[in-house]
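Here is a short note for a colleague who is meeting this structure for the first time. Please keep the sequence and the 3D view open while reading.

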Amino acid sequence: MQSAPENGSKEPKGRSWTVSIAVAGSIVDNTQSLELASLIVVYDDSERSAKLSAKSRKWKECAADTGGVFLARLLQFLETPQYLRKSLYSVHVSLKYAGMLPPIDPPHHLRQMEWLPYREGVVVEKRPDDGGSFVNVGIVKDVRISQFIKAGTRVTVAMGDDPSYKKLYARKLKAVPPTEPREKSGLYWGFSVRLASSLSGVFTECPFEDGYDYTIGTSEHGEQPDSSDLVIPSFKHLLIVFGGVTGLEHSLKEDDNLEIEEVSYLFDRYINVCPDQGSRTIRTEEAILIALQFFKKPIQRSCSKR
């Protein structure tokens with residue numbers, strides 16, 4: 001096997017901090033076809049979605065589907081390595097055109113002959129005679145892990161330090177938490193997808209014990225700092241939130257759990273990342289790319305102080 005390319009020559013450092021983005025599922029509600037919906041790259045502002053007829057949602061698969069459900073499924077599919085998709089996903093109408101999307105190609109989408117200390121895999125039905133499980137990790141043969149895990153489960157496997165096939169198949173490996181590649185080796189290991197029930201659910205259903213310690217809302221009505229002047233304090237879990245077709249202000253109106261007058265009150269900063277935009281609106285998928293570039297340097301400056 002050959003080692004996957006690394007960025008730079010420095011020894012990788014573990015990383016415990018995270019950056020999350022929240023996107024309104026309603027951004028796909030007014031698409032005219034499943035093909036167009038699939039070209040849009042998830043909190044569920046489902047009150048608005050629920051008012052739309054089934055016919056108006058071309059991506060709709062069942063009565064319970066909302067824009068948030070569709071987006072979450074699509075993002076999970078894209079994050080999954082290609083060699084695992086057939087095992088982990090049944091046929092979905094909403095994934096019919098997912099193949100049109102460009103591959104995201106993160107480090108954990110390894111080719112068969114590439115090597116990293118970790119691989120994503122799925123537990124197969126066959127079991128080793130001496131206990132444990134066999135896992136398909138996208139190489140020539142399935143590898144063994146010491147844990148007994150239900151077949152069909154996706155796992156992250158620590159592959160060890162020796163890329164030799166012969167030695168690899170002879171020993172038992174170990175399934176590890178999916179956060180270990182990031183926390184121990186500093187590897188970017190894809191993204192996780194969480195479907196929040198509403199805008200307020202983005203905060204109340206946060207998976208981190210102490211929640212998000214710094215939050216940013218994006219809106220054309222927000223303040224307009226220069227990226228070079230923006231100071232983001234040291235954080236453990238940063239959250240950046242984007243509104244749907246009609247903005248975060250509309251998401252606030254659709255959330256019965258929020259009793260605040262201004263949506264900006266939810267955030268530490270409420271920022272317009274594209275002032276003087278010229279056009280009346282900016283599509284959310286465009287705003288995400290603009291915002292991530294806008295926040296890149298401030299985040300780097302914040303993290304450099306650790």
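The numbered points below go from the whole chain to single residues.

1. **What kind of model.** This is a predicted model. Read every value below as computed from that model.

2. **The chain as a whole.** The chain has 306 residues, and 47% of them count as buried. Its secondary structure comes to nine helices and 11 strands.

3. **Helix α3, its length.** Start with helix α3, which covers residues 67-79. The helix has 13 residues. From first C-alpha to last it reaches 18 Å, close to the 18 Å expected at 1.5 Å a residue.

4. Why is α3 described as largely enclosed by the rest of the structure? The reason is that 12 of its 13 residues are buried. Among them are Gly67, Gly68, Val69, Phe70, Leu71 and Ala72. Leu74, Leu75, Phe77 and Leu78 are also on the list of buried residues. So are two charged residues, Arg73 and Glu79.

5. Ala98 is found in the loop between α4 and β3. Ala98 is buried, with a relative accessible area of 2%. Ala98 and Leu74 are 24 residues apart along the chain. Their C-alpha atoms are separated by 7.2 Å. Leu74 is itself one of the buried residues of α3.

6. **Salt bridge Arg154–Glu79.** The count of salt bridges comes to seven. In one of them, the side chains of Arg154 and Glu79 meet at 2.9 Å, N to O. Arg154 lies in strand β7 (residues 154-158) and Glu79 in helix α3, so the pair ties together parts that are 75 residues apart in sequence. Are the two partners buried or exposed? Glu79 is buried, at 7% relative accessible area. Arg154 is partly exposed, at 27%.

7. **Salt bridge Arg154–Glu120.** Arg154 has a further partner. Its side chain meets that of Glu120 in a salt bridge of 2.8 Å, N to O. This pair also links distant parts of the chain: Arg154 sits in strand β7 and Glu120 in strand β4 (residues 118-123), 34 residues apart. Glu120 counts as buried, at 4% relative accessibility. Through shared partners, the salt bridges join Glu79, Glu120 and Arg154 into one network.

8. Next, look at the loop between α4 (82-88) and β3 (114-115), where Asp105 is placed. The side chain of Asp105 meets that of Arg111 in a salt bridge of 2.7 Å, N to O. Asp105 is partly exposed, with a relative accessible area of 40%. Arg111 is partly exposed too, at 46%.

9. **A positive patch.** Turn to the surface. Which residues gather there in a patch of positive charge? They are Lys296, Lys297, Arg301 and Lys305. Lys297 has its place in helix α9 (residues 284-304). Lys297 is partly exposed, with a relative accessible area of 49%. Exposed would require over 50%.

10. **A negative patch.** The surface also holds a negative patch, formed by Glu209, Asp210, Asp213 and Asp268. Glu209 is found in the loop between α7 (199-204) and β9 (214-223). Glu209 is exposed, with a relative accessible area of 80%.

11. Ile232 has its place in the loop between β9 and β10 (237-242). At 3% relative accessibility, Ile232 counts as buried.

12. **Where to look again.** One is the network of Glu79, Glu120 and Arg154. The other is helix α3, with 12 of its 13 residues buried.

Methods
Residues numbered from 1 in each chain as written. Predicted model: local features only at pLDDT ≥ 70, side-chain atom pairs only at ≥ 80, totals over all residues. Heavy atoms only, no water. Patch = residues over 30% accessible without salt bridge, like charges linked within 9 Å, V, L, I, M, F, W, Y side chains within 5 Å. Areas by Shrake-Rupley, 256 points an atom, 1.4 Å probe, with all protein chains shown as cover. Salt bridge = Lys/Arg side-chain N within 4 Å of Asp/Glu carboxyl O. Charge placed at Lys NZ, Arg CZ, Asp CG, Glu CD. Helix = DSSP H or I, 4+ residues; strand = E, 2+ residues; numbered from the N terminus. Buried < 20%, exposed > 50% of the residue type's maximum accessible area, 1.4 Å probe, protein only. Expected span 1.5 Å × (residues − 1).
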